[in-house]
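Subject: the two-chain model

Hi,

Here is the model I promised to pass on.

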Amino acid sequence: MQNENSQFEDQDDREIAALLKDYPMPQASADFFDRALVRATHEGSRRQRNRWLMTGFGSAVAAGLVLWMVGGFLLSSQDLPGVDPAVDSTIPGVTIALEEPHTVKLVFASVEALDTATLTVLLPEGIEISGFPGQREVTWETSLRAGKNLLPLKLIATSPYGGEVLATLRHDDRGRTFRLRVDVG
Amino acid sequence: MVNSTDTAFEKLVRPHFERLYRLAWRLTSQKAEAEDLFQELLIKAYGKLDDLVRIDAPGPWLARMMYNLFIDERRRHARRRLHTVNEGDLAGQGLDDLPGTDSPDWNNERRERIRTLHAALLRLSDEHRLIVLLHDTEGYKLDEIHDLTGVPIGTVKSRLHRARARLREILGENGTFSADPSC
């Protein structure tokens with residue numbers, strides 16, 4: 001055993017340590033490392049390409065997305081608080097990089113102020129809201145002003161699969177669900 | 001097709017494969033999870049090749065990255081799933097995946113002793129099991145464990161001592177070790 005331990009080890013420690021020295025060392029199967037390396041370079045290259053694409057077009061895409069969402073939500077929510085339970089038939093999408101926070105701005109428009117609206121965000125496996133690690137559902141009460149209400153959601157992809165984020169705004173017994181497709185690239 | 005970037009990446013990481021693989025196993029205690037963790041580390045490290053080429057000691061840097069990946073994944077897992085495990089079902093779990101345990105030079109007594117040790121290790125807390133395996137089995141020094149986990153050296157020492165004591169206590173329960181209850 002290392003000299004560094006002599007001052008705090010006792011006989012019992014040494015006996016256990018000797019037993020643990022005999023514990024088998026795991027070894028990979030013959031071609032595991034080669035396969036892992038090939039997968040890493042292929043997957044790593046793919047993610048880098050996607051990142052470069054996002055760098056090149058990111059601003060335009062993000063701006064377009066926000067504008068689209070503003071337009072979409074304004075159109076679809078102009079009858080709030082008499083909200084229509086129907087869900088938008090077209091789904092906006094965003095591509096985010098794995099494990100890199102990405103802020104998505106949701107815009108809710110209401111024709112009048114609402115004091116006690118409830119917003120619930122449902123997340124697919126592998127997509128998280130920053131500050132709420134591991135939570136698939138986040139709910140909070142909020143008030144809406146008359147007009148546009150901006151909700152920035154900082155999303156983090158923790159797996160490469162993506163999915164659909166559902167944001168449901170409820171007031172009294174009425175509600176509207178907004179959908180956002182999140183791809184990870 | 002292999003390009004120069006891939007070649008450079010391989011040259012930097014391959015020397016550390018064996019040690020990283022063992023670390024993945026010690027962290028997860030399961031072959032499939034260890035290999036997933038190892039794979040995810042490589043993918044993430046490939047994306048940070050620019051950083052990797054500037055680092056003097058890639059081994060510890062990669063090990064830290066693996067440890068952080070593991071901790072992140074474990075936190076997510078703990079929050080998403082609640083499950084119970086019958087400790088009796090753990091005996092021998094994963095041991096057959098370990099190399100050499102079916103070797104002719106492993107007599108029954110030794111195999112049984114290791115099987116009992118393996119089951120006892122699985123009853124330790126994750127923190128205790130990791131530290132005792134890294135230090136006593138893998139030969140990590142205390143400061144290396146500190147660098148890897150961020151746990152202060154004094155805490156590493158006390159955890160190591162407590163982990164051994166707990167292990168001795170567990171082994172004493174089934175007569176494998178003549179444990180002194182005062183330990």
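This is a predicted model: local features need pLDDT of at least 70, side-chain atom pairs count only at pLDDT 80 or more; totals for chains, interfaces and linings use all residues.

Below is what I found in it, starting with the conventions.

Residues are numbered from 1 along each chain as its sequence is written, chains are lettered from A and ligands numbered from 1 in the order in which they are written, and side-chain values use heavy atoms, with hydrogens and water left out.

**Chain A on its own**

Chain A has 2 helices and 8 strands (DSSP runs, H or I of at least four residues for helices and E of at least two for strands, numbered from the N terminus). Along the sequence the order is α-α-β-β-β-β-β-β-β-β. Of its 185 residues, 45% are buried (under 20% relative accessible area; exposed is over 50% and partly exposed is in between, with a 1.4 Å probe and protein chains only). Take the contacts in chain A between residues at least 6 apart in sequence: 75% of them join residues at least 24 apart (contact means heavy atoms within 4.5 Å).

A:Glu137 counts as partly exposed, at 48% relative accessibility. Leaving aside neighbours within four places in sequence, A:Glu137 is in contact with A:Thr120, A:Val121 and A:Leu122. A:Leu123 is 14 residues from A:Glu137 in sequence, with 6.2 Å from C-alpha to C-alpha.

**Where the chains meet**

The contact between the chains takes 46 residues from chain A and 52 residues from chain B. The buried area is about 4700 Å², with 60% of it from carbon and sulfur atoms (this is the accessible area, 1.4 Å probe, that two parts lose on being put together, summed over both).

Between chain B and chain A there are 7 residue pairs in polar contact, both at pLDDT 80 or more (a pair of N or O atoms within 3.5 Å; within protein, one must be able to donate a hydrogen and the other to accept it, and residues adjacent in sequence count only if both atoms are side-chain atoms). On the chain B side, the helices that each supply at least two residues are α1 (4–13), α2 (17–28), α3 (31–47), α5 (58–80), α7 (108–122), α8 (126–137) and α10 (153–173). The largest share, 9 residues, comes from α3(B). By type, the chain B side divides into 24 nonpolar, 8 polar and 20 charged residues (Ala, Val, Leu, Ile, Met, Phe, Trp, Tyr, Cys and Pro count as nonpolar, Asp, Glu, Lys and Arg as charged, and the others, Gly among them, as polar).

Helix α3 of chain B also holds B:Glu35, which counts as buried at 17% relative accessibility. Not counting residues up to four places away in sequence, B:Glu35 touches A:Phe32 and B:Tyr21.

**Salt bridges**

How many salt bridges are there over all chains? The count is 14 (a side-chain nitrogen of Lys or Arg within 4 Å of a carboxyl oxygen of Asp or Glu), and 3 salt bridges are between chain B and chain A.

- A:Glu99 and B:Lys44 meet through their side chains at 2.6 Å, N to O.
- A:Asp34 pairs with B:Arg14, the closest N and O atoms being 2.7 Å apart. A:Asp34 lies in helix α2 (residues 32–76) of chain A and B:Arg14 in the loop between α1 and α2 of chain B, so the pair joins two chains.
- B:Glu169 pairs with B:Arg166 at 2.8 Å between the closest N and O atoms. Both lie in helix α10 of chain B, 3 residues apart, about one turn of the helix. Salt bridges that share partners also join A:Asp34, B:Glu10 and B:Arg14 into one network.

Cheers
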